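Please consider the model shown below.

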Amino acid sequence: MHPGYVVAVERTRTTGLAALVVLGVATLFLLAAALTALVPDLVLFDAETSQRIVVVWGPLLVVLGVVVSVGAWLTRRGRARRAVATTVAVAATVATLVLAGAVGAVVTATLGAGGSIDPWRALTLAGPPEGSAPDARTVYTTTPAGQDLHLAITRPRDAAGPAPVVVWVHGGGWSAGSELDRAADMRRLADAGFLAVSVEYTLSEPGRPTWDVAGPQVACALARVSEHAAEQGGDPRRIVLGGDSAGGQLAVSVGYRAASGTQPSACASPVPVPVPRAIATIYPAVDLDDTYRRGIGAQRFAVAYTGGTPEQVPDRYRALEGVDALTREAPPTFAVVPARDHLVPPEGATRFVEAARAAGVDAEQVDIPFADHAFDTGPDGSLGHQAAFSTLEAWVTAQVR
């Protein structure tokens, strides 16, 4: 046998074994990802990665799984490694099918709620639209302590007439975040034809609860927006109030109390606090007592915001719950709820939506499977972000037609 032929065979065998090792390692990774998707409390990666396995990395993992599965089947040459290659191929295929099922469930829930998914953006994890910075940032009131509170305003381009308005209240556990956090999302809403306005409010600190401060400030901002909407190209008759997490709680509380005529404002305005046309939220903390008792890591936020535990200040917790502000006159309400929310347990939002419906309010809930709190704050093009904001945008658009 020619020596060169022997060398070539050995090189081929070595290359094949090396490829099989790489494919085996990739398969172990895929199996860990699939197990993380299947078992909600299983943490085989760091906590943040585990929470985003499906809603951020899912589409890419499915593609990786297909490549690994095909590659493993192609390495099934030679009696010695055929069994190993077959095991790797089968394991990779099973993991890929699990991950594809999870991704498919998110896509199905999104499409069923009127949203949309761009597969290319989900695979490339595309960045935010260009020019996402707000067009203006103005002071809407100054607190007694001398803090200027701002509105970040993003105007629609080429609007044919007065645009509907979205007023957004940021999340952050009432103790973090700013009106600039969702600048890219506000730009996206503006590109869809809305005048988008994001609200700053006083943040809580240990020893400085803001449970009775933040709401009136949001109400003041709402009145200011209504007063000056026409100057910015907006229609004050079509205002949607929205928010995420803590901002969702504020949006519901302020919007519902405005509807019942019981919402105080932090500023005097010639325009009363307007009743929003609709309220749109993402993982809203509308059951603060339940969030405190069952939310993992939520206790410090709730205590800082209210000044105590549910046992110490029960009236404050009750006053901040969506149900407490519920009346038949409340605006139509939308809640995007991650099914695996550890910080704000989804059962609280579900109970609230059911209570709102029982009271005669047009309330709708969209559950996003395999998603945890803040599932939409990954890359702009991620599956989770598209799921949250495309469904919210579709619902809001229908409310202001």
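What is the volume of the largest pocket? In this predicted model, the largest pocket has a volume of about 340 Å³. Its lining is made up of 22 residues, and those nearest the centre of the pocket are Asp181, Arg182, Asp244, Tyr283 and Thr377. By residue class, the lining of the largest pocket comprises seven nonpolar, nine polar and six charged residues. Helix α6, which spans residues 183–191, provides the largest share of this lining, with three residues.

The second largest pocket holds about 260 Å³ of space. It is lined by 17 residues, and Pro40, Ser50, Gln51, His342 and Asp372 are the closest to its centre. Here the lining divides into ten nonpolar, four polar and three charged residues. Two helices, α1 (3–38) and α2 (47–51), each supply at least two residues of the lining of the second largest pocket, and α2 gives the largest share, three residues. In terms of domains, at least three lining residues of the second largest pocket come from each of domain 1 (3–113) and domain 2 (136–399).

An unreviewed UniProt entry places the feature "transmembrane region" at residues 17–39, 54–75 and 87–111. In the model, residues 54–75 are 77% helix and 0% strand, and the C-alpha atoms at the ends of this span are 29 Å apart. Residues 87–111 are 100% helix and 0% strand, with their end C-alpha atoms 36 Å apart.

How many disulfides does the model contain? With sulfur atoms within 2.5 Å as the criterion, the count comes to one disulfide. The partners are Cys220 and Cys267, whose sulfur atoms lie 2.0 Å apart. The link between Cys220 and Cys267 is right-handed, with 105° about the S-S bond.

Are the two cysteines buried or exposed? Cys220 has a relative accessible area of 0% and is therefore buried. Cys267, with a relative accessible area of 14%, is buried as well, because the cut-off for a buried residue is under 20%.

Notes:
Residues numbered from 1 in each chain as written. Predicted model: local features only at pLDDT ≥ 70, side-chain atom pairs only at ≥ 80, totals over all residues. Heavy atoms only, no water. UniProt positions renumbered as here; feature names shortened; annotations may be inferred. Helix = DSSP H or I, 4+ residues; strand = E, 2+ residues; numbered from the N terminus. 1 Å grid on protein atoms, 1.4 Å probe; cavity = no way out; pocket = protein on both sides within 12 Å on 5 of 7 lines; lining within 4 Å. Points joined across faces, edges and corners; volume = space filled by probe spheres on them. Nonpolar A, V, L, I, M, F, W, Y, C, P; charged D, E, K, R; others polar. Domains from an automatic or database assignment. Buried < 20%, exposed > 50% of the residue type's maximum accessible area, 1.4 Å probe, protein only.
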